[in-house]
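Trainee: Please pick one part of this structure and walk me through it closely. Then tell me about the chain around it.

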Amino acid sequence: VPLQAYGGGLVQAGGCLRLSCAASLRTFSSYAMGWFRQAPGKEREFVAAISYGGGTTDYADSVKGRFTISRDNSKNTVYLQMNSLKPEDTAVYYCARSRSRLARRINYDLWGQGTLVTVSS
């Protein structure tokens, strides 16, 4: 599996979780990475992106100030630190590899399996 996301679980509102996505890709450090999520009955939506070197990030307005994306190219891993979680953050979270080096919201070509995050009120 090229991209393996893990770290989801059940958490109370106001709590935090850290998602990780391990990539078995030799070119991991050459591409931007992103996190997306899909809530039940809704379309998949962009959450956060990080450039290939980690110097630039982008966030959806709904998570800005609460979530932090980061990456460790020496470990081929991208992270999503989620703080102050809300019930509306409940979704399956996916990591994905961009076709670009830049932190974009579109143009992703490789997707991992999702990890479920459930936030109880």
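**Aromatic rings up close**

Mentor: Start with tyrosine 108, which is buried at a relative accessible area of 8%; buried means under 20%, exposed over 50%, and partly exposed in between, using a 1.4 Å probe and protein chains only. Keep in mind that this is a predicted model, where local features need pLDDT of at least 70, side-chain atom pairs count only at pLDDT 80 or more, and totals for chains, interfaces and linings use all residues. Numbering runs from 1 along each chain as its sequence is written, and side-chain values use heavy atoms, with hydrogens and water left out.

Now for its partner. Tryptophan 111 is partly exposed, with a relative accessible area of 30%. The structure has four aromatic pairs (Phe, Tyr and Trp rings, the six-membered one for Trp, with centres within 6.5 Å; planes under 30 degrees apart are stacked, over 60 edge-to-face, the rest tilted). One of them joins tyrosine 108 to tryptophan 111: the centres are 6.2 Å apart and the planes make 50°, so the pair counts as tilted. Both residues also belong to one aromatic cluster, along with Phe36 and Phe46.

Zooming out, you'll find 11 strands and zero helices in the chain (DSSP runs: E of at least two residues for strands, H or I of at least four for helices, numbered from the N terminus). The radius of gyration is 13 Å, close to the 14 Å from the globule rule for 121 residues, so the chain is as compact as a globular protein of that length; the radius is taken over C-alpha atoms, and the rule is 2.2 Å times the number of residues to the power 0.38. Across the chain, 45% of the 121 residues are buried.
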